[in-house]
Amino acid sequence: MSSLNRPAVLLLAALAPLSIASAQNDGFTDRFPIAACDFQTLGGNDFIKLQPGRQLYLNNKRCVADGDCEELVELWITMLPDVRVIKFFDHGKARYARTRVMQEYETVDGELEEVSLNYVASCAPMNDVYYFGEDVEDGDGNRLPDSWLAGKNGARPGILLPDHAFLLGSRYYQEVAPNAQDRSEHTAMGFEVEVPAGTFRDCVEITETTPLDPGHESPKTYCPNVGIVRDGDLELVKVRTNAHPPGGD
């Protein structure tokens, strides 16, 4: 039986960390029970696996072929073997987390557009994946202003993706920083998706927004044991293991 079809009581129990967290006036949770977490660089959950060498390759070739997109965009998401220890503060108390480095490497028509190193960790025993910041550079190697790091300038960890239990309507911040405030809302679940990588069931949709750009929405689709399969016009083409990051890193 799919984890998405478990009894509602199990769904609520698995999402307890979100339910007891405090929310902003906009209804999105922005404080989480971090003290209960044993942060780990391995593990993860059904929708994001912190497995070194695991790589997802997405592109928008179908959109280009249909004439709905003008430029070919390609995205490689790679879990690197690297880890980074991040010092942050929880209710004024200094804490340390070992995080996995997740690289996102994006090209447009074959030219490097952006590279980001994202710092993520799995919160045991709940298996929510927390987000501790990112270093972002454009194709010329210039640091971009949406880079942020928990523990700096008042920034705090957010949740990138909660555990496999998925509750419609859940709303939470992925990034909690003055210059980075992406937030997620669970907007659909239990549907089938067909992408170049295959056909997947019991998928979920997360709609991302940010108060820094009111009105903009970014829908993303995740499927169990696979991960992200759609990001706007981008579709999953291949999942690789033991992969090397693009760009010769």
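Predicted model: local features only at pLDDT ≥ 70, side-chain atom pairs only at ≥ 80, totals over all residues.
**Entry 1: Gly151**

I then checked where Gly151 sits. It lies in the loop between strand E9 (148-149) and strand E10 (156-161).

Next I asked which residues Gly151 touches, leaving aside its neighbours within four places in sequence. I found contacts with Lys87, Phe88 and Phe89. I also looked up the C-alpha atoms of Gly151 and Lys87, which are separated by 6.0 Å. Along the chain, these two residues are 64 residues apart.

**Entry 2**

I moved on to strand E5, residues 73-90. It pairs with strand E6, residues 93-108, in the antiparallel sense. I noted 15 bridges for this pair. At one place, Asp90 stands opposite Lys93 in E6. E5 and E6 form a hairpin with two residues between them. His91 in that turn has a positive phi of about 55 degrees.

Then I followed E6 to strand E7, residues 111-124. This pairing is antiparallel too, over nine bridges. Which residue in E7 is the bridge partner of Thr107? I found Leu112. The hairpin of E6 and E7 has two residues between the strands. There, Asp109 takes a positive phi near 50 degrees.

**Entry 3: disulfides**

How many disulfides does a search of the whole structure find? I got three. With bonded cysteines counted along the chain, their pattern is 1-4, 2-3, 5-6.

I took Cys37 and Cys123 to begin with. Their sulfur atoms are 2.0 Å apart. The pair links distant parts of the chain, 86 residues apart. Cys37 is in the loop between helix H2 (16-19) and strand E1 (38-40), and Cys123 is in strand E7. The link is left-handed, with -90 degrees about the S-S bond. Cys37 is buried, at a relative accessible area of 6%. Cys123 is also buried, at 0%.

Cys63 and Cys69 came next. Their S to S distance is 1.8 Å. This link is right-handed, with 80 degrees about the S-S bond. Both cysteines are buried.

I finished with Cys203 and Cys223, joined at S to S 2.1 Å. Their link is right-handed, with 105 degrees about the S-S bond. Cys203 lies in strand E14 (residues 198-209) and Cys223 in strand E15 (residues 218-223), so the pair ties together parts 20 residues apart in sequence. I found Cys203 buried, with a relative accessible area of 0%. Cys223 is buried as well, with a relative accessible area of 0%.

Terms used: Residues numbered from 1 in each chain as written. Heavy atoms only, no water. Pairing = 2+ DSSP bridges. Helix = DSSP H or I, 4+ residues; strand = E, 2+ residues; numbered from the N terminus. Contact = heavy atoms within 4.5 Å. Disulfide = S-S within 2.5 Å. Buried < 20%, exposed > 50% of the residue type's maximum accessible area, 1.4 Å probe, protein only.
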